[in-house]
Amino acid sequence: YVLLGLPGLHALERLGLKKGLRLGAVLTAAGAAVRFLGCSGGWTGFVLAYAGSLITACGQLFTLAIPPLLATSWFPAKERSLATGVGVVANQSGTA
């Protein structure tokens, strides 16, 4: 996340909210599928599980950055901090 954070945010601003969120969802789902294939065990399973985690981490760059961008584009200045907080909590609650 630290290495790809700034390039991911730049790509998200360039793509826009809708396409960026779709890309994040596709990468997260693809990473989960690859990690599922890693359940076979052994060395190949380890490599697949690790590769799936890397793909999922790239997808999370987009999904974790959505709440502040969404609040900036949809809410007035007085409500942005509350909207960002609710978005972040909802995002983290969905993964729990």
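C58 is partly exposed, at 28% relative accessible area. C39 is exposed, at 60%. The classes are set by relative accessible area: buried is under 20%, exposed is over 50%, and partly exposed lies in between (1.4 Å probe, protein chains only). This is a predicted model, so local features need pLDDT of at least 70 and side-chain atom pairs count only at pLDDT 80 or more, while totals for chains, interfaces and linings use all residues. Residues are numbered from 1 along each chain as its sequence is written, and side-chain values use heavy atoms, with hydrogens and water left out.

A disulfide is a covalent bond between the sulfur atoms of two cysteines. The rule here asks for a pair of cysteine sulfur atoms within 2.5 Å. By that rule, the count is zero.

Now take helix α2, residues 17-37. Helices are DSSP runs (H or I, at least four residues), numbered from the N terminus. The expected span is 1.5 Å times one less than the number of residues. For the 21 residues of α2 that gives 30 Å, and the end C-alpha atoms are 30 Å apart, which agrees.

Which residues of α2 are buried? They are G20, G24, G31 and V34. Their arc around the axis is only 95°, which puts them on the same side of α2. The arc is taken from the directions from the helix axis to the C-beta atoms. On the other side, K18, K19, R22, V26, F36 and L37 are exposed.

The buried residues of α2 pack against α1 (5-15) and α3. T63 lies in α3 (residues 42-64). T63 is buried, at 15% relative accessibility. Beyond its neighbours within four places in sequence, T63 contacts L21, G24, A25 and N91. Contact means heavy atoms within 4.5 Å.

Key
Helices (H or I, at least four residues) and strands (E, at least two) are DSSP runs, numbered from the N terminus.
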